[in-house]
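Here is a short note for a colleague who is opening this structure for the first time. Please read the points with the model on screen.

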Amino acid sequence: MIDNIPLNAFLVISTLMFFIGIYGFLTRRNLITMLMSIELILNSVNINFVVFNKFLYPNLLHGHFFSLIVIAVAASEAAVAIAIIINIYRNFKSIDVDNLDQMKL
Amino acid sequence: MSLNDIMFYLFAGSILTFSLLTVTSRRILRSAVYLLFVLVSTAGIYFMLNYNFLAAVQLTVYAGGIIVLIIFSILLTSHVSEKAVVAPVKQQIFSALAVAAGAVLTIMTIFKFAFVPSTAPAVDANVHNVGLALVSYNRDGFALPFEVISILLLAAMVGAIVLAKKEKNLESAGSQTKNNPDK
C-alpha cells in the first residue's frame with residue numbers, strides 16, 4: 001500500500017509536527033493548550049516508531065508495541081495533568097502560567 | 001500518481017495544517033477540535049501502513065478519550081468564547097526561529113542518512129498476532145511492558161481521582177490552623 005512513498009516523507013511530516021508542538025509549548029500561556037502541544041509531540045514520535053518498524057524491520061512488531069505503550073502513557077499523563085489543572089483552577093481561578101507563581105496558597 | 005499517494009498527501013497536508021492551527025488558534029475549544037483532526041489523520045496514516053489495531057487504538061484512546069477529557073477540562077476552566085492570551089511578539093519570533101532552525105537541521109540530517117528499506121517478509125499485525133505478542137513472554141513477547149503499563153494506568157487513574165477530588169473540609173481545616181496559636 002505504501003510502495004511509492006519514501007520513508008523520508010513520513011519522517012519529514014513527523015519532524016514538522018514535532019517542532020510545531022514545541023513552538024506551541026513555547027508560545028502558549030494556557031496550561032491546557034500546552035498539554036495539547038505535548039500531545040502533538042507524543043503523536044509525532046509515535047509516527048516515527050511505526051514508520052521505522054514498517055520500513056526497516058517489517059518482520060518484527062517492536063515499534064508497533066512501543067507506540068501502543070506511548071499512547072497508554074499519553075492517556076495516563078493527560079488524565080493526571082487535567083486533574084492537576086482542575087485543582088489549580090479551583091485554587092487560583094486561572095490556568096495561565098503567568099499567574100502561577102506559587103506552589104501553595 | 002495512484003490513489004494511495006493522493007491519500008497519503010491528503011493526510012500529510014491535513015496533519016500539518018491542523019497542527020499549525022492547533023498551536024496558533026486563539027480560541028481554546030477550536031484548537032482542541034483541530035487537535036482531534038490531527039489525531040484522526042494520524043490514524044489514517046496508520047491504516048495506510050496496515051497497522052489496523054494501532055489505528056483503532058489511536059481513534060478510541062486519543063480521539064475518543066483524550067480529546068473528550070481535554071474538552072471537558074476546557075469547559076470547566078474557561079468560557080467558550082474566551083480567547084487565549086498570546087505570548088509577546090518578541091517571544092513568538094524567537095520561538096519560531098529556534099523551532100525553524102531545529103526543523104531544518106533535523107530534516108537535513110534525515111535526507112543525509114541513507115535508510116535501507118528491508119525486504120524481509122512483513123508480519124501481519126492483525127488482532128490475533130498482536131494479542132499473542134502482548135501476553136507471550138518469549139523473545140518477541142511483550143508481557144512485561146503490558147503488565148507495567150496496566151499498573152501505570154491504574155496508578156494514574158487513582159492519582160487523578162485523588163487530585164481532582166474536592167476537599168470538603170478545606171474551610172474548617174483552614175480555620176483550625178488559623179486558630180491554632182502554635183502556627
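1. From the N terminus on, chain B runs α-α-α-α-α-α-α. That is 7 helices and 0 strands. Helices (H or I, at least four residues) and strands (E, at least two) are DSSP runs, numbered from the N terminus.

2. A word on the source. This is a predicted model, in which local features need pLDDT of at least 70, side-chain atom pairs count only at pLDDT 80 or more, and totals for chains, interfaces and linings use all residues. Residues are numbered from 1 along each chain as its sequence is written, while chains are lettered from A and ligands numbered from 1 in the order in which they are written.

3. Next, overall dimensions. Along the principal axes, the C-alpha atoms of chain B fill a box of roughly 75 × 50 × 30 Å.

4. Chain B is divided into domain 1 (1-82), domain 2 (86-113) and domain 3 (122-166). These bounds come from an automatic or database domain assignment. The C-alpha centres of domains 1 and 2 of chain B are 22 Å apart.

5. How much of chain B is buried? Of its 183 residues, 24% count as buried. The cut-offs use C-beta atoms placed from the backbone: buried means 20 or more others within 10 Å, exposed means 12 or fewer, and partly exposed is in between.

6. Now the partner chain. In chain B, 72 residues are in contact with 63 residues of chain A. Contact means C-beta atoms, placed from the backbone, within 7 Å. α3(B) gives the largest share of this side of chain B, 13 residues. By class, the side has 52 nonpolar, 18 polar and 2 charged residues. Ala, Val, Leu, Ile, Met, Phe, Trp, Tyr, Cys and Pro count as nonpolar, Asp, Glu, Lys and Arg as charged, and the others, Gly among them, as polar.

7. Two backbone angles deserve a look. Most residues other than glycine have a negative phi. Asn50(B), not a glycine, has a positive phi of about 75 degrees. Asn50(B) lies in the loop between α2 and α3 of chain B and is partly exposed, with 16 other C-beta atoms within 10 Å.

8. Lys93(A) also has a positive phi, near 60 degrees. Lys93(A) is in the segment after α3 (62-92) of chain A. Lys93(A) counts as exposed because it has 9 C-beta neighbours inside 10 Å.

How values were computed:
Contact = placed C-beta atoms within 7 Å.
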